[in-house]
Amino acid sequence: MTVHSFQEHFDEKMDKDQAIEAKDWMPDDYRKTLIRQIAQHAHSEIVGMLPEGNWITRAPNLRRKAILLAKVQDEAGHGLYLYSAAESLGISRDDMMEQLHSGKQKYSSIFNYPTISWADMGAVGWLVDGAAIMNQVPLCRTSYGPYARAMVRICKEESFHQRQGYEIMLTLANGTEMQKKMAQDSLNRWWWPSLMMFGPPDADSPHTEQSMRWRIKRFTNDELRQRFVDVTVEQARILGLTILDKDLKWNEATGHYDFGTPDWNEFYNILKGNGPCNKERLDVRRKAWEEGQWVREAALAYSDKRRQRKEKKAA
Amino acid sequence: MSQKADSKREWPLWEVFIRSKAGLDHKHAGSLHAADADMAIENARDVYTRRMEGISIWVVESKYIHASDPGDAEILYEPANDKIYRHPTFYNLPDELTHM
């Protein structure tokens with residue numbers, strides 16, 4: 001086949017909603033875009049362990065502690081599924097680590113906010129994981145097979161994350177005045193950053209059209225954001241908490257909630273590295289990688305030694 | 001191998017296959033990195049069976065998997081297309097016929 005017919009074959013698969021697998025021919029841009037997106041997603045899972053890991057030793061009781069441990073462990077797992085999917089496109093794990101540490105590859109800017117109270121474990125599970133699920137569920141049907149399969153696995157596990165977060169909020173919201181205040185304060189701080197998780201408005205998102213064509217994005221940023229607001233408003237009402245947005249109101253004509261505009265300057269500023277925790281998050285990741293170097297080397301040395309012993313015995 | 005090259009060596013990649021319950025076959029679950037087979041099984045347990053997804057794990061170093069070329073799909077699978085008589089639904093039999 002010529003490159004031209006390879007391209008036609010690929011386009012035909014896109015039109016017919018068929019999956020692309022690792023060994024199939026694919027255009028360079030498709031491969032590059034996928035590597036960028038999957039790596040960024042994997043990094044977000046791994047960096048996302050930090051704001052919650054922060055509270056494991058201070059969870060209010062053993063039940064909460066066990067749950068939080070399980071959740072953070074899940075996130076490590078999700079990062080690993082995604083790194084493997086990216087590796088099937090021809091980038092090595094070490095390259096991805098290097099590019100995370102150098103800042104060439106990004107992670108979700110939501111993890112550059114601090115988790116300053118226990119209520120944040122509730123708000124992060126409810127809102128941040130809720131927004132992530134909304135982004136991720138459509139990706140279970142994305143065009144690249146290994147990515148889609150990783151997403152199916154992740155979405156199955158993510159649901160517990162959101163529910164445990166909501167349960168924390170529910171407990172606090174029904175607790176003492178002080179606890180209710182904590183929950184409200186946490187919602188206030190996480191609401192706008194959660195809306196930003198869907199990315200800039202469609203008008204400022206130049207790659208959307210191509211990504212939709214490739215089925216590595218299935219709904220636009222604004223569509224998903226609207227869907228998130230529509231379901232979350234009701235969830236806040238059940239908690240008896242208030243979303244601080246004076247423009248938030250039901251629109252009979254559209255059948256959706258109208259809502260205000262997030263501070264996109266803040267968003268772009270964090271993207272540039274100037275968020276409250278950007279430096280801390282990357283420093284922690286780099287330190288973990290550097291201090292783990294001897295472990296990676298020792299494991300290889302041990303496996304080499306055992307293999308050599310075995311060969312000697314056999315000889 | 002020099003010290004420098006050694007520190008740049010990645011743990012090899014392994015493919016993980018999991019039997020979800022007795023009586024079923026092992027199914028590909030995903031892949032992971034590990035220094036050797038023992039570690040690959042331990043890691044597979046942590047990464048792929050956190051929710052009782054399996055009772056048995058196989059790991060194979062990815063470099064030992066030999067795969068057919070997607071470009072050969074036509075040559076390999078086309079011949080099966082015109083042999084629909086291999087399927088039971090090919091045969092037109094009377095409706096009153098039972099136990100068949």
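Asp74(A) is buried, at a relative accessible area of 2% (buried means under 20%, exposed over 50% and partly exposed in between, with a 1.4 Å probe and protein chains only). The structure is a predicted model, in which local features need pLDDT of at least 70 and side-chain atom pairs count only at pLDDT 80 or more, while totals for chains, interfaces and linings use all residues. Residues are numbered from 1 along each chain as its sequence is written, chains are lettered from A and ligands numbered from 1 in the order in which they are written, and side-chain values use heavy atoms, leaving out hydrogens and water.

The side chain of Asp74(A) forms a salt bridge with that of Arg50(B) at 2.8 Å, N to O (a side-chain nitrogen of Lys or Arg within 4 Å of a carboxyl oxygen of Asp or Glu). Asp74(A) belongs to helix H4 (residues 62-87) of chain A, and Arg50(B) to the loop between helix H2 (37-48) and strand S3 (56-61) of chain B, so the pair joins two chains (helices, H or I of at least four residues, and strands, E of at least two, are DSSP runs numbered from the N terminus). Arg50(B) is likewise buried, at 19%.

Asp304(A) is buried, with a relative accessible area of 15%. A salt bridge links Asp304(A) to Arg307(A) (3.2 Å, N to O), and both residues lie in helix H13 (residues 293-314) of chain A, three residues apart. Asp304(A) also forms a salt bridge with Arg9(B), the closest N and O atoms being 3.1 Å apart. Arg9(B) is partly exposed, at 28%.
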